[in-house]
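Biologist: I would like to learn how to read a model feature by feature. Could you take me through one, with the general idea before each case?
Modeller: Gladly, let us look together.

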Amino acid sequence: MRGEQQRSTWGEFFGRVFDPLRNWLELQPLPVVWRVAILGMALVFILDCAMAGKGLRMGPFYMLPICLACWRISFRAGLSLGAVCAILLAIMSVSLTQIPVSIALGNLAMNVASIGVLGGIVASFRHSVEHERRLASYDRMTGALTKPVFEQRAEAMLVAASAEGRPLLLTYLDLDGFKAINDQYGHEAGDEVLKRFALATRTALRREDCFGRIGGDEFAVLMPLHSTEAAQAMADRLHGRLTVALDDTAEVTCSMGALIVPPQGGATLKELMREADRLMYAVKKTGKDGLRVATAAPALEPDLSLFAGDRAASTA
């Protein structure tokens with residue numbers, strides 16, 4: 001019990017120390033990662049040269065920038081960085097320690113082989129982690145993002161849109177009559193409807209759009225806009241394509257609430273999702289199989305209505 005507590009304490013300590021660095025590196029673009037890896041390798045090499053005359057070697061520390069390159073960039077990048085490092089080490093060994101060239105070349109070959117094995121292990125582990133992360137990020141039945149991942153990416157899109165001064169369109173989608181399909185034909189038929197609907201949605205979206213399954217037969221899409229004037233046409237187009245995809249699914253239709261989000265709206269994602277959901281339910285109360293569009297008003301005062309410009313567009 002005491003040993004487990006000590007391991008837990010050490011794990012928490014190293015987590016507090018290294019997690020911020022790991023998270024920072026994960027968010028950095030590849031050029032920054034390249035610079036960090038090269039600077040790290042150069043620092044270790046300089047220290048190794050300084051210590052060589054005293055009989056101290058920094059060999060294990062070369063693995064840190066090599067593993068970083070294999071993890072964040074690619075196996076080829078890590079192997080290339082390691083090969084350059086191994087060549088420099090061979091040159092340093094011959095010039096500073098006066099070992100025979102044949103021994104230096106043998107060390108070079110063994111170092112490159114070791115780097116290749118280590119880099120392959122790191123790259124393979126990274127691939128496995130990314131595969132598991134993708135599986136955890138997407139709903140297995142529909143291929144849409146899971147709710148937590150959708151919210152995480154949507155938050156990032158809101159921040160980016162605010163910084164760039166671009167509006168967004170948030171849509172909340174619900175399948176009308178879906179419960180009747182499950183009750184009458186079984187859950188297998190309902191699953192097929194969900195798959196068809198999700199496929200039609202993904203096909204209608206662009207690479208930069210964010211599509212998630214919120215729960216059951218409810219979905220959400222967040223789409224960057226070039227201008228707020230394009231929002232109505234984009235919402236109409238999306239709803240129209242989904243309506244066509246559901247034409248032969250035994251009376252299942254789609255109710256859709258669409259919320260235009262100005263770049264400086266100031267509302268949180270939770271508030272925006274709640275209002276888009278309200279718009280969708282307004283459609284369901286007035287006949288279903290329709291679209292309602294509204295604009296999120298700037299949140300300048302706490303007592304001001306957060307949303308304005310509500311308008312309906314029936315596509316029944």
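Biologist: How many salt bridges does the structure hold, and what counts as one?
Modeller: A salt bridge is a side-chain nitrogen of Lys or Arg within 4 Å of a carboxyl oxygen of Asp or Glu. The structure holds eight of them. One joins Lys284 to Asp176, with 2.6 Å between the closest N and O atoms. Lys284 lies in helix H10 and Asp176 in strand E1 (residues 168–176), so this pair ties together parts that are 108 residues apart in sequence. Helices (H or I, at least four residues) and strands (E, at least two) are DSSP runs, numbered from the N terminus.

Biologist: Before we go on, what kind of model is this?
Modeller: This is a predicted model, where local features need pLDDT of at least 70 and side-chain atom pairs count only at pLDDT 80 or more, while totals for chains, interfaces and linings use all residues. Residues are numbered from 1 along each chain as its sequence is written, and side-chain values use heavy atoms, with hydrogens and water left out.

Biologist: Are Lys284 and Asp176 buried or exposed?
Modeller: Buried means under 20% relative accessible area, exposed over 50%, and partly exposed in between (1.4 Å probe, protein chains only). Both Lys284 and Asp176 are buried.

Biologist: Which salt bridges lie within a helix?
Modeller: Among them is the one between Lys179 and Asp183, at 2.9 Å from N to O. These two are four residues apart in helix H7 (residues 178–185), so about one helical turn separates them. Lys179 counts as exposed because its relative accessibility is 60%, and Asp183 is exposed too, at 54%. Another is Lys195 with Glu192, whose closest N and O atoms are 3.8 Å apart. Lys195 is partly exposed at 37%, and Glu192 is partly exposed at 46%. Salt bridges that share partners also join Asp174, Asp176 and Lys284 into one network.

Biologist: Now the rings: how many aromatic pairs are there, and how are they classed?
Modeller: Rings of Phe, Tyr and Trp (its six-membered ring) pair if their centres lie within 6.5 Å; planes under 30 degrees apart count as stacked, over 60 as edge-to-face and the rest as tilted. The structure holds three aromatic pairs. Trp71 and Phe125 form a tilted one, 5.7 Å centre to centre with 40 degrees between the planes. Trp71 is in helix H3 (residues 63–72) and Phe125 in helix H5 (residues 101–137), so the pair ties together parts that are 54 residues apart in sequence. Trp71 is partly exposed, at 22% relative accessible area, whereas Phe125 counts as exposed at 52%. Phe211 and Phe219 form a stacked pair, 5.6 Å centre to centre and 20 degrees between the planes. Phe211 is buried at 5% relative accessibility, and Phe219 is buried at 0%. Ring pairs link Phe197, Phe211 and Phe219 into a cluster.

Biologist: Which way do E4 and E5 run relative to each other, parallel or antiparallel?
Modeller: Two strands pair if DSSP finds at least two bridges between them. Five bridges join strand E4 (residues 253–261) to E5, and the two run parallel. Ile260 stands opposite Thr295 in E5. E5 is mostly covered, with five of its six residues buried.
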